[in-house]
Amino acid sequence: MSPGASTSPEQRLAAAGLALPPAPLPRGSYAPCHVHEVAPGQRWVAVSGQTSRVDGKPLSGICEADADLEPARHAARVAMLNALAALRTACGGGLARVQHVMRLRGFVRSGAGFGAHPLVLDAASDVLAIAFPQHALPARSAVGVASLPDGVWVELELDALLSPATSG
């Protein structure tokens with residue numbers, strides 16, 4: 001059995017000092033996630049963009065220099081925890097049904113001269129590796145943008161595949 005195989009993703013996150021927040025509520029006219037059955041009992045989930053917010057308050061900033069990397073990386077971890085909280089809702093309350101996170105799209109609020117977007121998003125990928133050590137890392141895009149809602153550092157989107165729910 002591989003390390004961490006007998007523990008849940010939530011337990012692995014907690015052991016690393018990371019706690020999933022309550023699922024974020026939509027801040028507009030959209031669904032937090034969309035679930036589509038691709039085979040009997042197997043579901044594909046698209047998680048809407050989740051930003052770097054703690055208790056609804058934005059972690060705001062803009063990446064312009066190397067000094068901005070650590071606060072932006074912290075914001076990327078927070079955004080990933082929010083995305084996983086939304087994904088957990090689609091799973092019916094626990095992340096153990098996640099077969100694989102297939103795609104991570106990341107948007108980093110940055111100035112024109114900033115080019116370290118992948119380093120910022122590595123922090124979000126690190127959270128996924130803690131939660132799902134048995135999974136390969138997902139395909140990923142790291143894009144710099146001029147503006148994000150409420151001036152947040154980071155917004156993330158996830159696509160995942162869920163296994164069938166077990167009855168019990």
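Mentor: Start with one term: contact means heavy atoms within 4.5 Å. Keep in mind that this is a predicted model.

Trainee: Let me try the term. What does S52 touch, not counting residues up to four places away in sequence?
Mentor: S52 touches K57, P58, L59, A75, V78, A79, V152, W153 and V154. Its place is in the loop between β2 and β3.

Trainee: Is S52 buried or exposed?
Mentor: Use the cut-off: buried means under 20% relative accessible area, and exposed means over 50%. S52 has 0% relative accessibility, so it counts as buried.

Trainee: Now the sheet. In what order do the strands lie?
Mentor: The order is β1-β2-β7-β5-β6. These five strands form an open sheet with mixed pairing.

Trainee: Which strands stand at the edges?
Mentor: β1 and β6 do. Each has a single partner strand, so one side of each is left without a neighbour in the sheet. From one strand to the next, the twist averages 15°.

Trainee: How do I read the pairing, strand by strand?
Mentor: Walk across the sheet. β1 and β2 are antiparallel, with six bridges. Here V35 has V45 of β2 as its bridge partner. Next, β2 and β7 run antiparallel and are joined by seven bridges. On β7, L156 is the bridge partner of G106.

Trainee: How many residues of β7 are buried?
Mentor: Eight of its nine, so to read it in one word: β7 is mostly covered.

Trainee: Which helices lie across the sheet strands?
Mentor: Take α2. It lies across β1, β2, β5 and β7, and runs at about 35° to β7. Now α3. It lies across β5, β6 and β7, at about 140° to β6.

Trainee: How do I read a helix on its own?
Mentor: Begin with the general idea. An α-helix has 3.6 residues a turn, so residues three or four places apart point the same way. Now the case here. α3 covers residues 117-131, which is 15 residues. From first C-alpha to last, α3 reaches 22 Å, close to the 21 Å expected.

Trainee: Where does α3 bend?
Mentor: At A123, by about 25°.

Trainee: Which residues of α3 are buried?
Mentor: They are H117, V120, L121, A123, A124, S125, V127, L128 and A131. What covers them includes α1, α2, β5, β6 and β7.

Trainee: What should I look for in the interior?
Mentor: In soluble globular proteins, nonpolar side chains tend to be buried together. In this model the largest nonpolar core has 41 residues. Those with the most contacts inside it are M80, L84, L87, V120, V154 and L158.

Trainee: Which elements supply this core?
Mentor: β2, α2, β5, α3 and β7 each supply at least two residues. The largest share, 12 residues, comes from α2.

Trainee: What is V154 in contact with, leaving aside its neighbours within four places in sequence?
Mentor: Its contacts are Q50, T51, S52, A72, A75, A76, A79, F107, V120, L121 and L148.

Trainee: Now the loops. Where is C91 found?
Mentor: In the loop between α2 and β5. At 5% relative accessibility, C91 counts as buried. Beyond residues up to four places away in sequence, C91 touches R97, V98 and L162. C91 and V35 are 56 residues apart along the chain, yet their C-alpha atoms are separated by 9.4 Å.

Trainee: Is G113 buried or exposed?
Mentor: Exposed, with a relative accessible area of 77%. G113 has its place in the loop between β5 and α3. Its C-alpha is 9.1 Å from that of C63, and the two are 50 residues apart in sequence.

Trainee: Which residues have a positive phi although they are not glycine?
Mentor: D55 is one of them, with a phi of about 50°. D55 is found in the loop between β3 and β4. It is exposed, with a relative accessible area of 73%. D150 also has a positive phi, about 55°. D150 has its place in the loop between β6 and β7. At 46% relative accessibility, D150 counts as partly exposed.

Conventions
Residues are numbered from 1 along each chain as its sequence is written. This is a predicted model: local features need pLDDT of at least 70, side-chain atom pairs count only at pLDDT 80 or more; totals for chains, interfaces and linings use all residues. Side-chain values use heavy atoms; hydrogens and water are left out. Helices (H or I, at least four residues) and strands (E, at least two) are DSSP runs, numbered from the N terminus. The expected span of a helix is 1.5 Å times one less than its number of residues. The bend at a residue is the angle between axes fitted to the seven residues ending there and the seven starting there. Buried means under 20% relative accessible area, exposed over 50%, partly exposed in between (1.4 Å probe, protein chains only). Two strands pair if DSSP finds at least two bridges between them. Axes are lines fitted to C-alpha atoms, for helices over the stretch in contact, and angles run from 0 to 180 degrees between N-to-C directions. A nonpolar core is a set of buried Ala, Val, Leu, Ile, Met, Phe, Trp, Tyr and Cys residues joined through side-chain atoms within 4.5 Å.
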